Amino acid sequence: MRVFVLFFIVGLVGFAADASSYFIIRNLLNEHISRLFAFSIAVNITYYFNKRYTFPGKSKRYILYILGQVKGLMINFLVFEMFLYYLALLEWGVQIAFVAGSVAALCFNYLYAKHLVFGTK
């Protein structure tokens, strides 16, 4: 459970980096390009902190981490869109869809990082 909590905290740091860098870069570039840069910044920050604090001393596979994060992003968007489709008419439909996508991606990213990237059991 300790490892999951650390992973979650690192994810919050990554979210803060993602959001803040997106809004800074968006002043210079369009929304889509800004989103790619912000995502890249957040992924690198979370890789560093997960490597250092969440899974210290474990084997590290940077490219696998990046691929896992991209897969997690796709899962996030897919779940978000599915929930949004069914809950669009609800007052809190968008917020519920956003949280559902984030939780699905969190679970996938944790298991992927734990087992495939950092090689823990």
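A: Helices (H or I, at least four residues) and strands (E, at least two) are DSSP runs, numbered from the N terminus. By this reading, Thr54 belongs to helix α2. The model is a predicted one, in which local features need pLDDT of at least 70 and side-chain atom pairs count only at pLDDT 80 or more, while totals for chains, interfaces and linings use all residues. Residues are numbered from 1 along each chain as its sequence is written, and side-chain values use heavy atoms, with hydrogens and water left out.

Q: Is Thr54 buried or exposed?
A: A residue is buried under 20% relative accessible area, exposed over 50%, and partly exposed in between (1.4 Å probe, protein chains only). Thr54 counts as buried because its relative accessible area is 3%. Thr54 and Val5 are 49 residues apart in sequence, with their C-alpha atoms 8.7 Å apart in space.

Q: How many salt bridges are there?
A: A salt bridge places a side-chain nitrogen of Lys or Arg within 4 Å of a carboxyl oxygen of Asp or Glu. The rule gives 1 salt bridge. Asp18 pairs with Arg35, and their closest N and O atoms are 2.5 Å apart. The pair links distant parts of the chain, since Asp18 is in helix α1 and Arg35 is in helix α2, 17 residues apart. Asp18 is buried because its relative accessibility is 13%, whereas Arg35, at 31%, is partly exposed.

Q: How much space lies in the largest pocket?
A: Rolling a probe the size of a water molecule over the atoms shows where empty space is left. On a 1 Å grid over the protein atoms alone, a pocket is an open set of points with protein on both sides within 12 Å along at least five of seven lines, whereas a cavity is a set where a 1.4 Å probe fits but cannot get out; lining residues have an atom within 4 Å of a point. The largest pocket holds about 990 Å³. It is lined by 30 residues, and Phe15, Asp18, Arg35, Asn76 and Ser102 are the closest to its centre.

Q: Which elements give two or more residues to the lining of the largest pocket?
A: They are α1, α2 (31-54), α3 (62-87) and α4 (93-117). Helix α1 gives the most, with 11 residues.

Q: Where do Asn76 and Ser102 lie?
A: Asn76 is part of helix α3, and Ser102 is part of helix α4. Asn76 is buried because its relative accessible area is 18%, while Ser102 is partly exposed at 27%. Asn76 and Ala104 are 28 residues apart in sequence and 6.3 Å apart in space, C-alpha to C-alpha. Ser102 and Lys58, by contrast, are 44 residues apart in sequence and 26 Å apart in space, C-alpha to C-alpha.

Q: Where is Met1 placed?
A: Met1 sits in the segment before α1 (2-25). Met1 is exposed because its relative accessible area is 79%.

Conventions: Grid points are joined across faces, edges and corners, and a volume is the space filled by probe spheres set on the points.
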